Amino acid sequence: MNRYAVAAIYKFEMARTKRTIFQSILSPVISTSLYFIVFGAAIGSRITEIDGVSYGAFIVPGLIMLSLLTQSIANASFGIYFPKFTGTIYELLSAPVSYFEVVLGYVGAAATKSLLLCFLILATAGFFVPLEIAHPFWMLLFLFLTAISFCLFGFIIGIWADNFEKLQIIPLLIITPLVFLGGTFYSVNMLPPFWQTVTMFNPVFYLISGFRWSFNEIADVSVMLSLGVISGFLALCLLTVWWIFKTGYHIKQ
């Protein structure tokens, strides 16, 4: 593996974050802080706790997962789409760099930015609510697997999209609603039986449930099931990326 090529792509993408630090870092942190203020203070005064955990602390894992999913997709999709938009992608394709190295560089940088943002949001949450992390290892594992999986998903979207509108369709119309309806602000046990059944078909619900368990040992489904869902999604994304480069789909686009 050409580690210099991977490092060059990685450093270039990370440098772009420094140039857009308000949009990439500060804006998501401020937005999440507003969630804490509105839901934690306003609604939290009416819903004091869920399953023995204060409402403010209960929503922390869901809000972190919301930022992680949306930012992972945005970082990775824009990272590979922008060279397509400017035409510089052909310089990358003609360089002595393997497809694996291209994916590693772009996805690695996107995942790093997303994880950095999540840790900043986690630190910010400590100013609003008392935080306890019961299982730090599992928390980091869920963060890492989710970041890699959705950065790969974003990479796929960036290759598929041929305009900025398509770049935003899936994150805005599919991912964000799934996160909000996946137990970010409530426990699935609070829903009527019909909607509990509907929620079970939401894949993001399993990610939030497993991630929340790592904080306060509260989970709506088995932790192993949550881990299986994210591992399966990671495998599916890896298979799709392999198919894209195997068939030359990226060149046809």
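Reply: Start with a term. A residue is called buried under 20% relative accessible area and exposed over 50%; partly exposed lies in between. Keep in mind that this is a predicted model.

Now the part itself. Aspartate 162 has 47% relative accessibility, so this residue counts as partly exposed. Its partner is lysine 166, and the two form a salt bridge. The closest N and O atoms of the pair are 3.4 Å apart. The pair counts because a salt bridge needs a side-chain nitrogen of Lys or Arg within 4 Å of a carboxyl oxygen of Asp or Glu. Lysine 166 comes in at 26% relative accessibility, so lysine 166 is partly exposed too. How many salt bridges does the rule give? The count comes to one.

Next, the setting. The protein chain has 11 helices and two strands. Along the sequence the pattern reads α-α-β-β-α-α-α-α-α-α-α-α-α. The C-alpha atoms fill a box of roughly 60 × 35 × 35 Å along the principal axes. For 253 residues, a compact globule would have a radius of gyration near 18 Å; this chain has 19 Å, which agrees. Of the 253 residues, 49% count as buried. Take the contacts with a separation of 6 or more: residues 24 or more positions apart account for 79% of them.

What lies inside? The largest nonpolar core has 74 residues. Ile64 and Phe155 have the most contacts within this core. Helix H3, residues 55–86, gives the most to the core, with 15 residues. In soluble globular proteins, nonpolar side chains tend to be buried together. Isoleucine 64 shows who its partners are: Cys118, Ile121, Leu122, Leu143, Phe211 and Phe215, leaving out residues up to four places away in sequence.

Move on to helix H9, residues 203–216, where serine 214 lies. Is serine 214 buried or exposed? Its relative accessible area is 0%, so serine 214 is buried. Beyond its neighbours within four places in sequence, serine 214 contacts Ile133, Ala134, His135, Trp138 and Met139. Glutamate 217 sits in the loop between H9 and helix H10 (223–247). The phi angle of glutamate 217 is near 60 degrees, a positive value in a residue other than glycine.

Another loop runs between helix H7 (164–180) and helix H8 (193–199), and proline 192 lies there. With a relative accessible area of 44%, proline 192 is partly exposed. Proline 192 and valine 60 are 132 residues apart along the chain, and their C-alpha atoms are separated by 24 Å.

Last, the surface. The chain exposes about 12,500 Å², and carbon and sulfur atoms supply 70% of this area. One nonpolar patch covers about 690 Å². Leu26, Ile30, Leu34, Ile37, Val38, Phe127 and Phe128 make this patch. One of these, isoleucine 30, belongs to helix H2, residues 21–43. Isoleucine 30 has a relative accessible area of 44%, so isoleucine 30 is partly exposed.

Back to your spot. Lysine 166 and aspartate 162 are joined by a salt bridge.

Technical notes
Residues numbered from 1 in each chain as written. Predicted model: local features only at pLDDT ≥ 70, side-chain atom pairs only at ≥ 80, totals over all residues. Heavy atoms only, no water. Helix = DSSP H or I, 4+ residues; strand = E, 2+ residues; numbered from the N terminus. Buried < 20%, exposed > 50% of the residue type's maximum accessible area, 1.4 Å probe, protein only. Contact = heavy atoms within 4.5 Å. Patch = residues over 30% accessible without salt bridge, like charges linked within 9 Å, V, L, I, M, F, W, Y side chains within 5 Å. Areas by Shrake-Rupley, 256 points an atom, 1.4 Å probe, with all protein chains shown as cover. Rg over C-alpha atoms; globule rule 2.2 N^0.38 Å. Core = buried A, V, L, I, M, F, W, Y, C linked by side-chain atoms within 4.5 Å.
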